[in-house]
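Here are my notes on the model, as numbered points. Please read them with the structure open.

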Amino acid sequence: MAVNALGQNDYQNNRPVFGRCSKSSNNASFRTTVANVSFGGHSVTIDPDALFSICHAATGESANVYRAAGYTEDNPLYLVKGIDENGREYEQTIDVSSVDPNHCSYRELLALNAHTGNKSDSNFLTMAVLKDKAKNTSYEAKADYLSMAYDLMKDMQTAGCWDSYMRYDKWISDILSVSQNKMTTWYKGSPLERGAAAKGISGVDAYRKHLESKYGRVTIKDVPKDQKALEKTGKSMGGNDVVIVPNILQEMAADPEKAAYYEEKIDYFFDTIIPRETARCASMGLVFEPAGVVVHKDGTVTYICGCSDSPERVEQVNAINKAKRERRAAKREAAFARSREAAERLQQAIELSDRKRSMAAALNGYDSIAWQVADADVLHIWLEGQRI
């Protein structure tokens, strides 16, 4: 039998047969009915006839998921068999309709995952990564796997790995579509509700914690719908913020249908708008800048986002503007030079005109008699010269 290796510690059978029910637990030892694979000093068990099989080489644990006897769509019972961390065989019957992905064992999560019908390698990789993220947690120990998946989605969003982001988003949607928790965990008698009651936490506070585990930063306040208020709110957002008015939060905490409705609106922003607009803006050389989602007191929802030039575009625009400024400065300097030349020519013309006026005034001031005397003297001198 071939074994398909994905990751460092987790392994899956290569060709799982979906839809088959479990072999009877009255069979011989589980170890003798399935394949045994030695790896990392452990002997692990993988059943090619299981709906979903996985093992962890570091601990020797394994889990093989089957539909249990009596399984129906209304009674989704699964049987998980394998070897525990102490090397002992086990089998556990799980009703996936009661599994809370915010607080369940890895075995329960595997059964819930199998019920979604997802059997791709990427699905197995998602399960393996979640197990690694749980670190040393055994297959039997409880953990908040749903929050881990949301954290991984945020990491993918930050890194811009949209294929992986969409893969985790689809996995979460599939899990929530099966779980009784659906988009929220606020059904009567749920584990989270009992835990919140034991800690003295109100339903609204517990529901807010659920939203924070799913989205990150959740702020409860009333934001008006006018442009000024939205711009002010947007400036304080970091890209994954959710702002909900108190009266709507109370309705969501009390009514699963309301919760599902508004969470779907919020999910649309993160799952559709952000990846779509990021790609669209990038195609135009722009950077998409998401801010967050606001739920107003009248029940309407506003998506706050924008776009800006990419660093390359900013550099290009700055170079263009610098060239424009330099051309304008050169034109101004040329104009100033022409103005100085014209002023100098005008000044020279004025000075020449002043000199001409001064000479004319001087000539006009001479006495005519003085000219006559001067002429007579000259004539007299000239005549005397003739006699000599």
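1. Conventions. Axes are lines fitted to C-alpha atoms, for helices over the stretch in contact, and angles run from 0 to 180 degrees between N-to-C directions. Helices (H or I, at least four residues) and strands (E, at least two) are DSSP runs, numbered from the N terminus. This is a predicted model, in which local features need pLDDT of at least 70, side-chain atom pairs count only at pLDDT 80 or more, and totals for chains, interfaces and linings use all residues. Residues are numbered from 1 along each chain as its sequence is written, and side-chain values use heavy atoms, with hydrogens and water left out.

2. Overall content. The protein has 12 helices and 14 strands. Of its 388 residues, 38% count as buried (under 20% relative accessible area; exposed is over 50%, partly exposed in between; 1.4 Å probe, protein chains only). Take the contacts (heavy atoms within 4.5 Å) between residues at least 6 apart in sequence. Of these, 57% join residues at least 24 apart.

3. H9 against H10. Helix H9 covers residues 246–254, and its axis lies 5 Å from that of H10, at an angle of about 120°. That makes H9 oblique to H10 (under 35 degrees counts as roughly parallel, over 145 as roughly antiparallel, 65 to 115 as roughly perpendicular, and the rest as oblique). H9 contributes Ile 248, Glu 251, Met 252 and Ala 254 to the contact, and H10 contributes Pro 256, Lys 258, Ala 259, Tyr 262 and Glu 263. The residues of this contact divide into 6 nonpolar, no polar and 3 charged. Here Ala, Val, Leu, Ile, Met, Phe, Trp, Tyr, Cys and Pro count as nonpolar, Asp, Glu, Lys and Arg as charged, and the others, Gly among them, as polar.

4. Glu 263. This residue belongs to helix H10. Is Glu 263 buried or exposed? Glu 263 is buried, because its relative accessible area is 0%. Its side chain has a polar contact of 2.7 Å with the side chain of Tyr 207. A polar contact is a pair of N or O atoms within 3.5 Å; within protein, one must be able to donate a hydrogen and the other to accept it, and residues adjacent in sequence count only if both atoms are side-chain atoms.

5. The four-stranded sheet. The sheet is open, with 4 strands in the order E11-E12-E13-E14 and mixed pairing. Why do E11 and E14 count as edges? Strand E11 (218–220) and strand E14 (301–309) each have a single partner strand, so one side of each is left without a neighbour in the sheet. The twist averages 20° from one strand to the next.

6. Strand pairing. Two strands pair if DSSP finds at least two bridges between them. E11 and strand E12 (residues 241–244) are parallel, over 3 bridges. Val 218 stands opposite Val 242 in E12. E12 and E13 are also paired in the parallel sense, over 4 bridges. Ile 244 has Val 295 in E13 as its bridge partner. E13 and E14 run antiparallel, joined by 9 bridges. In E14, Asp 309 is the bridge partner of Leu 286, and Cys 307 is that of Phe 288. E13 and E14 form a hairpin with 5 residues between them. In the turn, Gly 299 has a positive phi of about 90°.

7. H10 on the sheet. Helix H10 (residues 256–283) lies across E12, E13 and E14. H10 runs at about 170° to E13.

8. H2 against H5. Helix H2 (residues 106–115) and helix H5 (residues 162–178) have axes that come within 9 Å and cross at roughly 95°. The two are therefore roughly perpendicular to each other. Leu 109, Leu 112, Asn 113 and His 115 of H2 meet Trp 171, Ile 175 and Val 178 of H5. The contact divides into 5 nonpolar, 2 polar and no charged residues.

9. Val 65. Val 65 sits in strand E6 (residues 62–67). Val 65 is buried, with a relative accessible area of 0%. What does Val 65 touch, leaving aside its neighbours within four places in sequence? Its contacts are Ala 50, Leu 51, Phe 52, Tyr 78, Leu 79, Val 80, Leu 110, Ala 111 and Ala 114. Val 65 and Leu 112 are 47 residues apart in sequence and 9.7 Å apart in space, C-alpha to C-alpha.
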